[in-house]
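Colleague: I would like to learn how to read strands and their pairing in a model. Can we work through an example?

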Amino acid sequence: MRSLFCAVVLISAVTNVQNVKADAGTLNPSVLGTYKTNVFDKSAAEIVVHDTKHQRLYVTNANDKAIDVLDFKNPKSISKIKSISIKPFGKNINSVAVGNGLIAAAIEAITKQDQGKIVFFSPDGKEVASVKVGALPDMVVFTPDGKYLLAANEGEPSKDYKNDPEGTISIITVADKTVRTVHFKDLKKSDIEGKGAHFPSPSGTTVAQDLEPEYISVSDDGSKAYVALQENNAIAVIDIKSAKLLKVFALGFQDFSKLAFDVSDKDKKTELKKWPVKSFYQPDAIKSFTHEGKNYIVTANEGDARDYDGYSEETRVGKLKLDEKAFPNREALQKKKMLGRLKVTSARGDTDGDGDFDELYAYGGRSFSIYSADGKQIYDSGNEFSRILSKRFPSWFNSKGQIENFDKRSDDKGVEPEAITVGTVKGKRLAFIGLERMGGVMVYDISNPKAVKFLTYFHNSNPKGNAKEGTAGDVAPEGFSFIEAKNSPTGKAILVVANEVSGTVTAFSLE
């Protein structure tokens, strides 16, 4: 692969779309159309899925407590057909899926720690069935054959941490709407394979309470489910037919002492340096795929802390007492323009129990990874996101998508890889990774998981614009829907992106 810094910036014929490429001619995404809710920073567009039969998009709109149904027959003119209200069923909608002629919505209870619901609707928005699942269903997905629907029930605690439900997985048989529940009750910390599993919580909580299922991907053959346990820096593997937990494996750490990152939001510059820090990968979205008969998992390594009124692990390096032997230059390191502003956990790092910190652990890999189904890391992009974007867009690197908040995310997970999906374009298997904070999409060729190639970064945003006034374009990609060419209304592959902050849904043609 060529050096990433030989990339050139290509500006497409569509306003605001910019591509950064490693090699000319590899991929040239262009905007087909955008749907605007005209609602800023209210989660009006988070998760998007595509209905091939009716050529519709279904989008979760937390602001309106509804599913927005969009006409996608002509992607150049995306329009709203109707909204399906979820107000009769609970407090909020967290996810939506389409399969077997049904729309399935994950709806949290009025009290978040109570049992949530999965509600099934017909394509015209009529309720078909409703079933109870675990606390805080955060993501739903159908198996490829439409026989089962799976829900990741995150089980977040109350703000005072006095009510902490267990995290679970629900497996719903679509035909009769029966629910089977996969628990973690019998799991011990010692049962988790590998290194780096994280259990930040007050004393007295169980492993089942600590584990928080965030996102599910189903294997291509529909037999296995891979579940991201984000706060725990781990992935669970489940056999769907038997509803059995097979294993949980930890994901390890990104080593900032070997790869350079920008960790200060107070130095007013972009500077990638190596630091004596390890960081949890902690993926949000994950996606599985099959290569040469074996299952693999790609992860968007966002990072997340457990931060509540009743308990918080989150602190900054500058507030910790550092061990003098482990950090002989601790006074310099703890300055705000150095390492002092970096958010780290207080739940890990005092290795000898003497009250000071011998190691530092931050949140998020600031990368994407590929794992084998047994938990071995096959590939990680390391600091490539940081190197590419700091070089090509130095004036708004590690921002919230605008020049006015340049560098504001350096101390807190950087660009935050959030969304991820996999799709095939002209015979090549591509991974698309959405960057929640800086915005835009990274694209890698993962046709061979052991020989990954960066292809392009593209965005449909205006960093000089004002998001509140609607002039910043797409801000904070949250959810992806990849549409294969055979299922596309244009006959070409399309990536649809739902943007949480800007409240926009944009369709990109993948040439």
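**Reading strands and sheets**

Modeller: Gladly. Keep in mind that this model is predicted.

Colleague: Take strand S27, residues 367-372. How many of its residues are buried?

Modeller: Six of its six residues are buried, so take under 20% relative accessible area as the cut-off.

Colleague: And how do I read the two faces?

Modeller: Start with the general idea. In a regular strand, side chains alternate between the two faces of the sheet. Now the case here. One side of S27 carries Ser 367, Ser 369 and Tyr 371. The other carries Phe 368, Ile 370 and Ser 372. Both faces are covered.

Colleague: Which residue of S27 is the bridge partner of Val 298?

Modeller: Ile 370. Strand S23, residues 294-301, pairs with S27 over six bridges, in the antiparallel sense.

Colleague: What stands opposite Ile 370 in S28?

Modeller: Tyr 379. Strand S28 covers residues 377-380 and runs antiparallel to S27, joined by three bridges.

Colleague: Now a sheet. What is the strand order in the open sheet with S3?

Modeller: The order is S3-S35-S34-S33, four strands with antiparallel pairing. The edges are S3 (29-36) and S33 (477-483), each pairing on one side only. From one strand to the next, the twist averages 20°.

Colleague: How many bridges join S3 and S35?

Modeller: Seven, with S35 spanning residues 504-510. Among the partners, Val 31 bridges to Phe 508 in S35.

Notes:
Residues are numbered from 1 along each chain as its sequence is written. This is a predicted model: local features need pLDDT of at least 70, side-chain atom pairs count only at pLDDT 80 or more; totals for chains, interfaces and linings use all residues. Side-chain values use heavy atoms; hydrogens and water are left out. Buried means under 20% relative accessible area, exposed over 50%, partly exposed in between (1.4 Å probe, protein chains only). Helices (H or I, at least four residues) and strands (E, at least two) are DSSP runs, numbered from the N terminus. Two strands pair if DSSP finds at least two bridges between them. Axes are lines fitted to C-alpha atoms, for helices over the stretch in contact, and angles run from 0 to 180 degrees between N-to-C directions.
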